[in-house]
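User: I would like to learn how to read a sheet, a helix pair and a ligand shell. Can you take me through them?

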Amino acid sequence: MQKKEFWKQFENQPTIVLIQGDITQEDTDAIVNTTTRTFEMAGGVDKAITEAAGPGMKEACAQYGSMEPSQVIITEGFNLNASYIIHTVGPVYGKEGGKEADLLAACYKNCLWMADRYNIRTISFPVISTGIYGYPMDEAAKVMARSIGGYFFDPENMNSAIEEIHCVVFTEDKYKIVDEVFEELFNRNDT
Ligand code: ADP
């Protein structure tokens with residue numbers, strides 16, 4: 001199990017914690033689920049969270065009918081440690097007419113925006129779209145780092161209560177890829 005902190009030196013920015021692990025075991029206020037347009041269960045993160053949260057979660061999602069890539073909804077955390085689950089739909093790599101990176105960035109920003117509406121202080125993200133939806137890990141990690149960074153450098157979000165962001169990566173090989181990207185993008189002196 002590996003873990004590393006980024007951005008700890010900045011007082012007004014959240015600490016970014018890169019973690020190798022299972023997102024369902026997180027102790028944060030909110031965890032992010034990568035679901036499908038119709039909330040029907042996919043594999044990967046969605047399956048793990050659905051099983052850990054219990055049947056109430058999919059019933060709560062079903063009330064919304066459907067959503068498009070990058071949109072978000074929020075439910076309670078049901079049987080998870082987290083109080084909330086923020087559900088989003090990632091873009092399918094190569095299938096969104098060239099808008100993949102914009103949609104993926106919007107997923108992260110919309111999740112953070114929703115977290116701020118609920119005064120959430122700690123939130124855990126998986127690396128969205130890098131499983132069934134086929135996004136290459138390094139490209140996805142770059143979008144993740146830039147969009148999280150961009151959110152907190154936007155003056156509109158200056159009053160964000162978010163203190164800690166966990167980026168949870170399942171496997172050791174994927175962790176290494178994200179670590180390299182985060183070292184480059186979060187530890188640069190000009191950020
Ligand atoms: P998507 O449909 O957005 O591609 P997936 O759930 O298939 O979503 O995969 C997203 C990423 O989450 C992949 O890198 C996958 O390895 C990882 N993953 C799968 N299960 C878990 C889990 N329990 N905790 C954290 N990450 C997970």
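Analyst: We start with the sheet, then turn to the helices and the ligand. This is a predicted model: local features need pLDDT of at least 70, side-chain atom pairs count only at pLDDT 80 or more, and totals for chains, interfaces and linings use all residues. Residues are numbered from 1 along each chain as its sequence is written.

User: How many strands form the sheet, and in what order?

Analyst: Strands of a sheet pair through backbone hydrogen bonds, either parallel or antiparallel. Here seven strands make an open sheet with mixed pairing, in the order 1-2-7-6-3-5-4. Strands (E, at least two residues) and helices (H or I, at least four) are DSSP runs, numbered from the N terminus. Two strands pair if DSSP finds at least two bridges between them. At the edges sit strand 1 (3-6) and strand 4 (72-76), each pairing on one side only.

User: In which sense do strand 1 and strand 2 pair?

Analyst: Antiparallel, over four bridges; strand 2 covers residues 15-20. Lys 4 has Leu 18 as its bridge partner in strand 2. Strand 2 also pairs with strand 7 (residues 164-169), in the parallel sense over six bridges. There, Ile 19 stands opposite Val 168. Strand 3 (residues 30-34) and strand 5 (residues 84-88) are parallel too, over five bridges. Thr 34 is partnered by Thr 88 of strand 5.

User: At what angle do helix 3 and helix 4 pack?

Analyst: Axes are lines fitted to C-alpha atoms, for helices over the stretch in contact, and angles run from 0 to 180 degrees between N-to-C directions. Helix 3 (residues 100-117) and helix 4 (residues 137-153) pack at about 45°, with axes 9 Å apart. The pair is therefore oblique. Under 35 degrees counts as roughly parallel, over 145 as roughly antiparallel, 65 to 115 as roughly perpendicular and the rest as oblique. The contact residues include Leu 104 and Tyr 108 of helix 3, and Val 143 and Ile 148 of helix 4. Contact means C-beta atoms, placed from the backbone, within 7 Å.

User: How many residues surround the ligand?

Analyst: A residue is near a molecule if its C-beta atom, placed from the backbone, lies within 6 Å of it. The ligand has 22 residues around it, and the closest are Ile 23, Gly 44, Val 45, Gly 131 and Tyr 133. Helix 1 (residues 44-53) gives the largest share of the shell, four residues.

Conventions: Contact = placed C-beta atoms within 7 Å.
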